[in-house]
Amino acid sequence: MNVGKIAFITCVSDPARYLRSLRTWRALQVPPGWEVEYIPVADAESLASGYNRGMEATDARYKVYVHQDVSIVYASFLERIVGLFGRYDRLGMLGVVGAKDVPASGVWWNSSRKYGMVFGDPTGTMALLKYGDVAGEYERVRAIDGLLMATQYDLRWREDLFAGWHYYDLSQCAEFEKAGFEVGVPRQQTPWCVHECGISPMTGFEENRRIFVDYYRDWIPSREEKW
């Protein structure tokens with residue numbers, strides 16, 4: 001395992017869109033002495049299976065699983081994430097938006113306690129999506145959105161459970177917590193990412209939501225937990 005290396009892992013179905021995002025990742029400041037590599041995964045059957053392929057293709061300890069339509073606009077992004085991981089051994093995974101609890105429905109964005117920020121256009125119009133402020137270096141949460149998920153430990157993505165493009169992210173949050181790690185949203189003064197997703201098709205969402213709720217029923221709290 002190369003402790004001085006960061007890998008960007010992305011499932012690619014639109015090469016032109018990927019290249020536009022890749023330019024912003026290549027423009028980020030790289031901490032002195034660190035190495036960065038970029039791993040596009042083509043023809044993935046699901047995000048979970050594609051991410052497993054990417055994970056197996058690199059010896060980097062630190063990995064950024066990021067959608068092909070996400071630009072990273074915060075120049076110090078790499079320094080911040082490796083700094084946080086270096087200071088907090090139990091912090092296993094970071095995302096830019098997430099929730100302190102997961103409702104019984106399994107739909108994290110219906111939580112009343114969301115944190116973080118991102119520029120996004122899920123309704124078709126680009127806007128700042130800003131949730132609760134993070135007071136410390138990061139806020140411990142139970143769920144982060146899959147647009148960007150940075151890790152310092154490797155756990156296999158549950159491709160055995162989730163086909164397609166939904167619930168791979170909440171599943172991985174549950175797996176990290178079950179393994180004894182924390183999931184967090186870092187403090188951002190301004191949004192680190194721009195997510196040009198547009199109005200996304202929800203094909204397979206309900207099927208995977210039901211699988212998630214059934215499989216992780218013991219992990220999903222019946223009420224908001226007060227940490």
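Trainee: What makes the contact of Glu35 with Lys5 a salt bridge?

Mentor: Keep in mind that we are looking at a predicted model. In it, the closest N and O atoms of Glu35 and Lys5 are 3.9 Å apart. The cut-off is within 4 Å for a side-chain nitrogen of Lys or Arg and a carboxyl oxygen of Asp or Glu, so the pair counts as a salt bridge. Glu35 sits in strand β2 (residues 35-42) and Lys5 in strand β1 (residues 2-12), so this bridge ties together parts that are 30 residues apart in sequence.

Trainee: Why is Lys5 called buried, and what is Glu35 called?

Mentor: Lys5 has 9% relative accessibility, and buried means under 20%, so Lys5 is buried. Glu35 has 40%. Exposed would need over 50%, and partly exposed covers the range in between, so Glu35 is partly exposed.

Trainee: What separates Glu206 and Arg209 along helix α5?

Mentor: About one helical turn: they are 3 residues apart in α5 (residues 205-215). An α-helix has 3.6 residues a turn, so residues three or four places apart point the same way. The side chains of Glu206 and Arg209 meet in a salt bridge at 2.8 Å, N to O.

Trainee: Why is Arg209 buried, and how is Glu206 classed?

Mentor: Arg209 has 17% relative accessibility, and the cut-off for buried is under 20%, so Arg209 falls in that class. Glu206, at 34%, is partly exposed.

Trainee: What makes the buried residues of α5 lie on the same side?

Mentor: The buried residues there are Phe205, Asn208, Arg209, Phe212 and Val213. They cover an arc of only 135° around the axis, which puts them on the same side of α5. These buried residues pack against α4 (168-178). The face turned away from them carries the exposed residues Glu207 and Arg210.

Trainee: How do you know that Met126 can belong to a surface patch?

Mentor: Met126 has a relative accessible area of 38%, and patch residues need over 30%, so Met126 passes that cut-off. Together with Phe119 and Leu128, Met126 makes a nonpolar surface patch of about 240 Å². Met126 is located in the loop between β7 (114-120) and β8.

Trainee: Is Leu47 buried or exposed?

Mentor: Buried: its relative accessible area is 8%, and the class begins under 20%. Leu47 is in helix α2 (residues 47-56). Leaving aside neighbours within four places in sequence, Leu47 is in contact with Cys11, His67, Gly164, Trp165 and Tyr168.

Trainee: How many residues lie between Leu47 and Trp157 along the chain, and what separates their C-alpha atoms?

Mentor: Leu47 and Trp157 are 110 residues apart along the chain, and their C-alpha atoms are separated by 8.7 Å.

Methods
Residues numbered from 1 in each chain as written. Predicted model: local features only at pLDDT ≥ 70, side-chain atom pairs only at ≥ 80, totals over all residues. Heavy atoms only, no water. Helix = DSSP H or I, 4+ residues; strand = E, 2+ residues; numbered from the N terminus. Buried < 20%, exposed > 50% of the residue type's maximum accessible area, 1.4 Å probe, protein only. Patch = residues over 30% accessible without salt bridge, like charges linked within 9 Å, V, L, I, M, F, W, Y side chains within 5 Å. Areas by Shrake-Rupley, 256 points an atom, 1.4 Å probe, with all protein chains shown as cover. Contact = heavy atoms within 4.5 Å. Arc of directions from axis to C-beta.
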